[in-house]
Amino acid sequence: MADVIPPLLPDPSPVLSIIDGLRISKAVFAALEIGVFDLLESEALAASACAQRLHLSPDGAERLLDACASLGLLSKHDGVYRNTPLASAYLVRDSAHTLSGYMLYSNRVTWKLWGNLEEAITEGTPRWAQTFGQQVDLFEYFFQTENAKRTFLAGMHGMGLLSSPAVARAFDLSAHQMVADLGGGTGHLAAAICEAHPHMQGIVFDLPTVIPVTEGYLRRSSAHDRIRTVGGDFFHDPLPPADLYCLGRILHDWGEAKIRLLLRKMRDALPVGGAVLLAEMLLWDDKTGPTYALLQSLNMLACTEGKERNLDEYRALFESEGFHAVEGRVTGQVLDAVLARKAA
Ligand SMILES: C[S@@+](CC[C@H](N)C(=O)[O-])C[C@H]1O[C@@H](n2cnc3c(N)ncnc32)[C@H](O)[C@@H]1O
């Protein structure tokens, strides 16, 4: 039998996919901004009709629609395009599970900040001033206009809905009576906890500008009559009384001094037996994965003073601020769960 000559080079496919990654994201973001999925949700159309309705060039429309079809977001039969179930669930703006908010602010803001990722890595600081000429933080920037605020919170909501039911069931919370979701945004985590635990009451605490948006979303929950809202600043105002504080994607936004301040405030406010539940992405112990969490940590570098952590790092933070019995659960969803109990 003849010898097999080993290939001189590794398979380039992983590198070619990296080049395509940018193009895939931008093509779908553009389709979303232009309104392709919203239009094709209500009717199936040929490229020329789509171009006319959305004021696009016929050639540009056809290329975009075909690209979306090849990505499994549209189907094409006899030259007529319609949304696939994937697009109907996640890319139509008023779908209950839409991820369009996250994609829209990724296109409008994150994409631009990532244009300066090299400097974020070199200097170790976020890129707001360099990118937008304004020395702001994430929330100041997003909350400057009603539309940007609602897009950001819709993005948080869609992504959060994927994991909050799993986070709510990750630990036995049956001993707790009152959960306060600090920086709760649309309140999906408090809602998931109260839906999973019918004896519990909930509070969603967030900046006053967010509260009207929170109240709109909470009405969608079957537990809405057990959840109230409180406007305030968790760094400066007293925390609402609760025996369980939950924080979804909050600690990863802030530097260590502010995290420690929040942990101390929660420890001081909790009764004996109280606990803190985090919904965050957990890095693997050796921090070589998961890839989406490592990319989110780079995103945090470009956007915030925070980062993603592994369970040992969360445990060290909690234990040094008066908590113990820190446990983590990998949920299999985008966010994992960490529970820490107030030390005696
Ligand atoms: C990354 S979002 C997470 C929202 C929500 N927990 C979730 O997982 O969908 C951070 C939230 O913290 C809120 N926030 C930021 N600074 C705050 C502060 N100083 N006091 C209270 N809430 C704050 C924001 O308004 C926003 O809703």
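At what angle do helix α3 and helix α4 pack? The close-ups below start there, and every one comes from a predicted model, where local features need pLDDT of at least 70, side-chain atom pairs count only at pLDDT 80 or more, and totals for chains, interfaces and linings use all residues. Residues are numbered from 1 along each chain as its sequence is written.

**View 1. Helix α3 meets helix α4.** Helix α3 (residues 47-54) packs against helix α4 (residues 58-70) at about 115°, and their axes are 8 Å apart. Here, helices (H or I, at least four residues) and strands (E, at least two) are DSSP runs, numbered from the N terminus. Axes are lines fitted to C-alpha atoms, for helices over the stretch in contact, and angles run from 0 to 180 degrees between N-to-C directions. The crossing is right-handed; that label is for a near helix turned clockwise from the far one by less than a right angle, while anticlockwise makes it left-handed. On the α3 side look for A47, S48, C50 and A51, which meet P58, A61, E62 and L65 in α4. Two residues count as in contact if their C-beta atoms, placed from the backbone, lie within 7 Å. Sorted by class, this contact has 6 nonpolar residues, 1 polar and 1 charged. For the classes, Ala, Val, Leu, Ile, Met, Phe, Trp, Tyr, Cys and Pro are nonpolar, Asp, Glu, Lys and Arg are charged, and the others, Gly among them, are polar.

**View 2. Helix α4 also meets helix α1.** Helix α1 (residues 13-34) packs on α4 at about 115°, with the axes 10 Å apart. This crossing is left-handed. From α1 come A27, V28, A30 and A31, and they meet L64, A67 and C68 in α4. The contact is made up of 7 nonpolar residues, with no polar and no charged ones.

**View 3. An open sheet of 7 strands.** Follow the strands in the order β6-β5-β4-β7-β8-β12-β11, and you'll find mixed pairing. Strands pair if DSSP finds at least two bridges between them. At the edges sit β6 (227-231) and β11 (323-329), each pairing on one side only. On average, neighbouring strands are turned by 20° against each other, direction ignored. Zoom in on β4 (residues 178-182) and β5 (residues 201-206), which pair in the parallel sense over 5 bridges, with A180 opposite I203 in β5. Helix α15 (residues 311-319) lies across β8 (275-280), β11 and β12 (336-342), and runs at about 160° to β11.

**View 4. Strand β7, buried or exposed?** In β7, 5 of the 5 residues are buried, so the strand is largely enclosed by the rest of the structure. A residue is buried if 20 or more other C-beta atoms lie within 10 Å of its own, exposed if 12 or fewer, and partly exposed in between, with C-beta atoms placed from the backbone. L244, C246 and G248 point one way, Y245 and L247 the other. β7 pairs with β4 in the parallel sense over 3 bridges, where L244 is the bridge partner of V179. With β8, β7 also pairs in the parallel sense, over 5 bridges, and Y245 has V276 as its bridge partner.

**View 5. Inside the nonpolar cores.** A nonpolar core is a set of buried Ala, Val, Leu, Ile, Met, Phe, Trp, Tyr and Cys residues joined through C-beta atoms within 7 Å. The largest one has 52 residues, and V179, A190, I193, Y245, C246, V276 and L278 touch the most other members. Helix α11 (residues 188-196) gives the most to this core, with 6 residues. A second, separate core of 23 residues includes L45, L74, L91 and Y102.

View 6. In the loop between β7 (244-248) and α13 (256-269) you'll find R249, which has a positive phi of about 55° although it is not a glycine. R249 is buried, with 22 other C-beta atoms within 10 Å. K287, in the loop between β9 and α14, has a positive phi of about 60° and is not a glycine either. K287 is partly exposed, with 13 other C-beta atoms within 10 Å. P290 is found in the loop between β9 (282-283) and α14 (291-303), and the peptide bond from G289 to P290 is cis, with omega near -10°.
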